[in-house]
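User: I am new to this structure and would like a guided look at it. Could you show it to me, please?
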Amino acid sequence: MGDRKLSLTALITFILTVSQPIANLPPLCFKASQVLAQTPANRKAEADRLFVQGIEQFQTSQFETALQSWQQALIIYREIKYRKGEGAVLANLANAYKALENYSKIIEYYNQYLPIARESKNRQGESDALFNIGLAYDSLQNYTKAIEYYEQVLPITREIKDHQNEFYTFGNLGIAHLKLKNYRKAIEYEQQYLAIAQKIKDRPRELQGLKLLAFAYQGLSDFPKALEYSQQGLDIAKEIKDRNGEGQLQGLLGMVYLNLGDYRKAIESNQQGLAIAREFKYRDREGDVINLLGNAYSALGDYPKAMDYYQQSLAIAREIKDRTMEGTSLNGLGFAYFGLGDYPKAMEYYQQRLAISRKIKDDLGEIVALGNLGLVYGILGNYPKAIEYFQQELSNAQKIKDPLGEGSALGNFGLAYFISEDYPKAIEYLQAALAIARQLKDAGSKSLALNNLGLAFYKQGNLTLAESNLIEAIKFQESLRAKELKDSEKILFYDTQKSPYLTLQKVLIAQNKTDVALEIAERGRGRAFVDLLAPRIFFNPKEQSLTPPTITEIKQIAKQQNSTLVEYSIISDGFKVEGKQENHESELYIWVIKPTGEVIFRKADLKPLWQKEKTTLDNLIITSRDSIGAISTAFRSAIDVVGKTNAPKAENNLKRLHELLINPIADLLPKNSNDRVIFIPQSSLFLVPFAALQDADGKYLIEKHTILTSPSIQVLDLTHKQKQRIGTQPIQGKDTLIVGNPTMPFLAPKIGETPQQLKPLPGAEREANAISKLLKTEPLIGKEATEATVVKRLPQARFVHLATHGLFDDIQGLNSGIALTPSGKDDGLLTASEILDLKLNAELVVLSACDTGRGRLTGDGVIGLSRSFISAGVPSVLVSLWSVPDAPTALLMTEFYQNLQNGSDKAQALRQAMLTTMKNNPNPVDWAAFTLIGEAE
């Protein structure tokens, strides 16, 4: 369970540190004249003198001597049984101790004063005493006692028409109930407080009421109401220029937006709240808001960034000795490690959070820690221990009437019963969790419960209910405001939301609804890519909001491409835990869409991989690449030596991949080798060298078929529209940008290490010269190939060929880059992030460098250079899947361009170049690295 309670803990911190009770500070209750007029001259002279002396001393800040004078006066007044004088001194003593913040003495003296006020029917004095006793208990954090006294004030203020004290009492009752988490009672009183503030047009007090109501509704998990009051409060805070109040409300809005699933606005609000906290140097609030930013990035699945924020808040918590903040920071770190799959580390942080929560009696924190520890034990297979923690979580949540914690515990129980295959029990608990999530409008919990319910119904064999729950989960996820996220955030967000798409495919296939399952497979991939491409292709805003393709549109795309489309979907057996899918690969779904529009479904069984061969599809792909010497360069290091291994091992691995990926559909692929096959991979399948897959006779796939790839069928359609936009023309030198072997930049092998110059590539220089000669143009070689020059010429080029070092980043993806010559402020590394911002008109970009087709693997495809060039406007990109050897690559590229000049389309030109290179360089490592993404024409 993610620390949604972190938000609530921060909320309580805001209240305790900022929203203090409204103090009613009247002057000293009795002036000297009020007492002296009624004091018998013969017995009271000394008492009167002491009383007046005390007032004079108090007014000149001689507090200790004033207290002594009044204490002596009190003794005399009691001795002569003069009650009015006694009352006056007691009231003044209480008020003096109030100024000194000695709360126990305030309570002691006002309680002695109360009977005297009641005897004399001094209702105003009685009301003031009760109010101030309530304030004292409030300051001592004894909120139950404070409420007891405040409630006695209200009928008196109404009787004597003391509207001001009635107003203050409503406010303080609301705050006290809020601190006791009696949110409904808090709302009752704060509504009355707000109504008076609005009536008398007291804007600061109106802001206070709105703020406290927003806090209360957040505590009830009524996020729409919390949003409504927060926004109203923020408008007033800006109007009256209350920066402190504005900062509080920005932090609260950040919590609310996070719970509503609007992650972009959550981040924006918290960043503004953070700026204001730092402006006022409020370290406690700074730490709380940083924690909330960590929560937002955790929800997006960006665990490294979230971890950075949690570490910052943890440092602040320890610096200011804030144990509550320390606990929430530790929980955040635990959640980030959980998301990254490091369960022992997650457990370590969750245990620390639990210990702190129990020590400081943080009920909400304890509930969160119990649930999170239960999840870790469940993932690790210790189900009795997991259930033990879930039972504690549920019991504690019910005890303090925490609906969100109760819903989380019920959902966790559902998972535990699901794992133990007690599906009726799992469904019972998950439905209870869903009911609470619907009631609270809790986006994350609702999505989680719907997904897991769908899977539980599927396992039970109730396919109709499984389908309806999963469709609702998908519709709900797609209703969340992901469109407002940045591209990198969308990628992460969609990755955390992929589970119901995969589960629904299983449910639909079980019902033989294969076409609908293909629609769902497409609907769950490449969404951020589509959002990125559409505005760059369509000028009409209505056209920019593309919906996923229907089966009819998918068939039309296959006809338009005049190609056979092959879409893969890796299916797993598992359940979802807070953004993470726990599973084993079970099946590979394969759809073949012929150029005629015919759609055929096949599948392959993946269970033998991990049951018998003790491996996974991911590992099989890695070992098949390694075994042919397909070495990949780590980010910020360049290797110009490609290892060789024995061919038989490579052959066997490539044959095993062929068995899984191609054999089930071999009879459906075109017989004419010039007919195109476009593969739509998923996850690690993007790393498969499809051209090098071998059938049982040892024949490579490229010998039989012309091959391309695309991240999704819809992206393929968009690259086709890009091609239509820029048109087609014969390849010629004047439109070409060719780069070879730049003067290499200095880059650190690892972050923080001393930069080293990348190794020169003389083979890349020969390649660039040969291609330039063929195309009758001049290349940029050595020092001429500066990053500034290349970036300047890129928008005008129709054909781009970059023969240099490529570096891939499989963590962020957008740090992948092409090495060029540094100049001026340029570092000589043209990154995927920088390319993304360019507007290009090239119809083909060839990245003749190592690993240019690699990057971060996501549900959106490979985040790296290829995606950035396509997004920048290029419909066809030729990239490599590993560190390519110089000489064979130079031959392959020269052949590729010759074939283009002779009239072949790009896919055919690449196939023929591979076949030619293969004759003298039979190892696939020398000829199979390159893949064409996008358009063939």
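Analyst: One term is needed at the outset: a residue counts as buried when its relative accessible area is under 20%. The model shown here is predicted.

User: Where does threonine 709 lie, and what is it in contact with beyond its sequence neighbours?
Analyst: Threonine 709 belongs to strand β5, residues 706-709. Leaving aside neighbours within four places in sequence, it is in contact with Ile678, Phe679, Thr931, Leu932, Ile933 and Gly934.

User: And strand β18, is that buried or exposed?
Analyst: Strand β18 spans residues 930-934, and five of its five residues are buried, so the strand is largely enclosed by the rest of the structure.

User: How does β17 join β18?
Analyst: Strand β17, residues 876-880, runs antiparallel to β18, and five bridges join the two. In one of these pairings, serine 876 has glycine 934 of β18 as its bridge partner. Glycine 934 is also among the contacts of threonine 709.

User: Let us step back. How many helices and strands are there, and what percentage of the residues is buried?
Analyst: The protein has 42 helices and 18 strands. Of its 937 residues, 62% count as buried. The accessible surface comes to about 35800 Å², and carbon and sulfur atoms account for 50% of that area.

User: Which residues have the most contacts inside the largest nonpolar core?
Analyst: They are Tyr568, Trp591, Leu661, Phe896 and Trp927, in a core of 197 residues. Helix α22, residues 423-440, gives the most to this core, contributing nine residues. There is also a second, separate core of 53 residues, and Ile76, Ala88, Phe131 and Tyr193 are included in it.

User: Tell me more about α22. Which of its residues are buried, and what covers them?
Analyst: The buried residues of α22 are Tyr423, Ala426, Ile427, Tyr429, Leu430, Ala433, Leu434, Ile436, Ala437 and Leu440. Their cover includes helices α12 (223-239), α21 (403-419), α23 (443-460) and α24 (463-479).

User: What distance does that helix reach, and what comes just after it?
Analyst: From its first C-alpha to its last, α22 reaches 25 Å, close to the 26 Å expected for its 18 residues at 1.5 Å a residue. Just after the helix, lysine 441 takes a positive phi of about 55 degrees.

User: On to the aromatic residues. How many aromatic pairs does the structure hold?
Analyst: The structure holds 29 aromatic pairs. In one of them, the rings of tyrosine 217 and tyrosine 229 have centres 5.6 Å apart and planes at 5 degrees, so this pair is stacked. Tyrosine 217 lies in helix α11 (residues 203-219) and tyrosine 229 in helix α12, so the pair ties together parts twelve residues apart in sequence. Tyrosine 217 counts as buried at 11% relative accessibility, and tyrosine 229 does so at 8%.

User: What about tyrosine 303 and phenylalanine 335?
Analyst: They form an edge-to-face pair, at 6.2 Å centre to centre with 75 degrees between the planes. Tyrosine 303 is in helix α16 (residues 303-319) and phenylalanine 335 in helix α17 (residues 323-339), so the pair ties together parts 32 residues apart in sequence. Both of these residues are buried.

User: Which residues form an aromatic cluster?
Analyst: Phe390, Phe413, Tyr417 and Tyr429 form one. Tyr429 is also one of the buried residues of α22.

User: Finally, what is the strand order in the open sheet of three strands?
Analyst: The order is β11-β12-β13, with antiparallel pairing. The edge strands, β11 (806-807) and β13 (829-831), each pair on one side only. Strand β12, residues 817-819, pairs with β13 over three bridges, and glycine 817 stands opposite threonine 831 of β13.

Conventions:
Residues are numbered from 1 along each chain as its sequence is written. This is a predicted model: local features need pLDDT of at least 70, side-chain atom pairs count only at pLDDT 80 or more; totals for chains, interfaces and linings use all residues. Side-chain values use heavy atoms; hydrogens and water are left out. A nonpolar core is a set of buried Ala, Val, Leu, Ile, Met, Phe, Trp, Tyr and Cys residues joined through side-chain atoms within 4.5 Å. Buried means under 20% relative accessible area, exposed over 50%, partly exposed in between (1.4 Å probe, protein chains only). Helices (H or I, at least four residues) and strands (E, at least two) are DSSP runs, numbered from the N terminus. Two strands pair if DSSP finds at least two bridges between them. Accessible areas come from the Shrake-Rupley method with a 1.4 Å probe; for residues, only the protein chains shown count as cover. Contact means heavy atoms within 4.5 Å. The expected span of a helix is 1.5 Å times one less than its number of residues. Rings of Phe, Tyr and Trp (its six-membered ring) pair if their centres lie within 6.5 Å; planes under 30 degrees apart count as stacked, over 60 as edge-to-face and the rest as tilted.
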